[in-house]
Structure formats: C-alpha cells, structure tokens
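Here are a few exercises to work through with the model open beside you. Try each task before reading its solution.

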Amino acid sequence: MTQSVSETVSQSVPPAPPTIFWFIPTHGDGSYLGSETRQRPPEFGYFREVATAVDRLGFKGVLLPTGQSCEDSWITAAGLATATERLKFLVALRPGVTTPVFAARQAAALDRLSDGRLLLNLVVGGNPRELAADGVFLNHDERYAQAREFVSIWRRLVSGEAVNHEGPYYRVENGRLDFPTVQEHLPLYFGGSSDAGHDVAAEQVDLYLSWGEPPAQLAGKIAAVREKAARLGRSIRFGIRLHFIVRETESEAWEAANRLISRVSDQQIADAQKRFSQEMDSVGQARMAALHGGRRDKLEISPNLWAGIGLVRTGAGTALVGDPQSVAARIREYQALGIDTIVGSGYPHLEEAYRVAELLFPVLGLDGRRTTVRRQIANEFSVGSHGPASAPTLHAAE
Ligand SMILES: Cc1cc2nc3c(=O)[nH]c(=O)nc-3n(C[C@H](O)[C@H](O)[C@H](O)COP(=O)(O)O)c2cc1C
C-alpha cells in the first residue's frame, strides 16, 4: 500500500528545522488585497523596519524581487545591509537588463558591503510586455538561453577568473573583478517552472525555488529537476516561496485569510486573471493560476494551503493558513520532499513576521531571537515565583 506524504512524515522523527526567509515588500504592502484602505507605500523607512525586525526575530534572510513596479532590489539591499547584522539578502538578478561583468562587480561590492551576506535569485522575467519596457525583446526560451550564457560568464568572474568570451548574447574582452567577493562561492538561487528553466537550474544553480504549489504537485517538479541535475552529476537544494497566515486557532487564521480578500471584487479578480493570462508567458504563473481557476469558492487547494492571494497577485499566490501545529505539519510535508528553505511573507509584512516568529518558530524548533534580557524576567507577562508578585505596579495611565 502506498503511504501519503503526511503518513510518512508523522511516523518519522521530525526533521531539522527549515531555514526561513522573509520578503521585503518593495512594491507595497497593506491589510486588504484589492483596496487602498490601510495600504502602506513602498518606502525605504518601512523596508528598514521590516528588515531590522526580521533580523532580530531570527529569520535567516530576505528576498528582494525585481520588476517594473518594484523599488530597485540592489539599491534597497545595499541600504538594508547597513541597517542589519545577520540577515542575508536574496537579491533578484535579471540577466537581460544588465551585463555579466557589471553584475559581477555589483555582486562583489554588495557581498563586501554586507560582509558575505549576499545571495542571488536568477529570474528571467515572465511578462514580455514589461520586459519590452526594459529593452528585452527575447522570447521565453531565448531568455533562458541568454541566462545560461550570462551565468557561465558571471560565475567565472566572481570566482576570480579573467574572462574572454564571444557568444550569441555577450562579448567580453579581458573581463575581470579587481575587488573580490567575501564568500568563496556566491550562492545562486532560481525561480522558473518551464522545461527550459529546469535545464538552466539543473546545470547552474545551487537552490531551486518554486511557488507554493500543493505538495503532491510539487513532488513531480522536484523529481524532474533533481533528475536533470543528477544526469549532469550535480545535486541541488530546494526551497518554496509562499505566504503565511498563522494564528493561535484555525478559525482565527481562516477568518484572517477571508478578511484579506474581503474587499476584492469579482470584477477585480476577472480583470487580473485576464491580464495575467494575456500578458505573461511564464509556465510557473500558469500553474499558479490553474490552482484556483479564478474562483473564490474553492481556495483551500490542499490541507491548509489557500490560493486566495493568487486571485489578484502574480507569482506567490498561496498561503499556509492555520494554527501553528497544522502549519508546522504542512511544512514538514514539504521538507519530506526535500525542501530545506522557505521564503515566507504575509500582509502586512511587519505584523505577520512577528506572528510567524512568535507562533510558528517555537513549534518548528526555531528560536533565533536576539535578546539582551534574561528569559525569566519578572514583569507583568511572567508567571510563578518570578511573576506578578515582584513585578512593577502598572499605573492606570499606562
Ligand atoms: C521564488 C521566485 C521568485 C521570483 N522572483 C521574480 C522576480 O523578482 N522578478 C521577476 O521578473 N520574476 C520572478 N520570478 C519569475 C521568474 O522570472 C520566472 O523565471 C519567469 O516567470 C519564467 O518562468 P517559467 O520558467 O516558469 O516559464 C520568480 C519566480 C520564483 C519561483
């Protein structure tokens, strides 16, 4: 008899905790999708609040996206690196809009500025209309061919090699880096779900990231990429990118999920889905759209996995919704597939980062918080002999 993923997991010893990253909302943040009520503009001061909070809470890194409607990922990461201590920066890198030598120089500079905290996320972009505005006119598979050539030059440069190269997309004469990277190997992450993307991932990247598809669906994709990499004698790591809506109880979590889309109209959903399908050529995006089919009545697409965000957002369209125990159980199912890294987010990003750290981290065995005080401090939040008896009295005005 075949076992389901959850049965296999529940019988085995819990795996080591995953690595959890967060997201810098460089294209805006808010409390209600599809509404300007309580919207937060994408401003550096706010990004810094999110970054310093997640650094202190014990998240290991943050993803910074790239695109027409995002504040620039490189400039923002450089600013945030000076405001944080341990946090790593997973900075989106789009080959078509830069050159390998210039990108290598920028990467080395940011790796030095952050003292070795740079990670790169190779993304070719999935919207030809947006890419055309940036001067990129290649079709889907050509973009991956360009990315492959880009990475081969970029990798040699950041590894300290001098490069002469003449290829279909790039010509380099005596390319070199005078200022080296801090890390011996700059880790390259990747997001893309097409066959052409999988070929590039298998050959060149360290960690393959998928949007938050249901475990049963993701299993096939991971197997395909793993097999392609193995044929080249390589093994790569896997990660997932999704949102979190974690609350103390299941009902509170589902209420929060429903509230998040309570102001989205059916017309907004229909318009967004039409636009995404007309404008985008991304296989990953098509897979995400198929999960909900534009319908708001069937959004729990597998246990605790909710597709509501994808009704109006491209890319990361699913959230793990539930109490800490059930969300942790779902994470362990992903871990059983080989996922070791989760890039999370939640609306609004500051408050949801606290919720994930306070509610979910302890259940996952993570406690990365930096604290300068003793745990058993006597105050109004403590119990037992250290508790209220010796705690300072609160004044009514407080
Ligand atoms: C985790 C993750 C993050 C991504 N971040 C970005 C991004 O910041 N900017 C962007 O243009 N595309 C981003 N993408 C989409 C990629 O550009 C993707 O390669 C493109 O849509 C083509 O995808 P396909 O191989 O699935 O057809 C991301 C994808 C994933 C999985």
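**Exercise 1: the annotated stretch**

Over residues 20-340 this predicted model is 43% helix and 18% strand, with the end C-alpha atoms 9 Å apart. Task: find what UniProt lists for residues 20-340.

Solution. Look up the record: an unreviewed UniProt entry gives this stretch as "domain: Luciferase-like".

**Exercise 2: the cavity**

Task: work out which residues line the largest cavity, and which helix supplies the largest share of that lining.

Solution. Start with the search of the whole structure, which turns up one cavity of 30 Å³ or more. Its volume is about 50 Å³. Now sort them by class, and you get four nonpolar, seven polar and one charged residues. Finally, turn to the helices. Helix 10 (266-279) and helix 11 (283-292) each give at least two lining residues, and helix 11 has the largest share, with four.

**Exercise 3: one isoleucine**

Task: decide whether Ile 222 is buried or exposed, then list its contacts beyond four places in sequence.

Solution. First place the residue: Ile 222 sits in helix 8, residues 215-231. Its relative accessible area is 2%, so Ile 222 counts as buried, the cut-off being under 20%. Then check its partners: leaving aside neighbours within four places in sequence, Ile 222 touches Phe 238, Leu 337 and Ile 339.

Note on methods:
Residues numbered from 1 in each chain as written. Predicted model: local features only at pLDDT ≥ 70, side-chain atom pairs only at ≥ 80, totals over all residues. Heavy atoms only, no water. UniProt positions renumbered as here; feature names shortened; annotations may be inferred. 1 Å grid on protein atoms, 1.4 Å probe; cavity = no way out; pocket = protein on both sides within 12 Å on 5 of 7 lines; lining within 4 Å. Points joined across faces, edges and corners; volume = space filled by probe spheres on them. Nonpolar A, V, L, I, M, F, W, Y, C, P; charged D, E, K, R; others polar. Buried < 20%, exposed > 50% of the residue type's maximum accessible area, 1.4 Å probe, protein only. Contact = heavy atoms within 4.5 Å.
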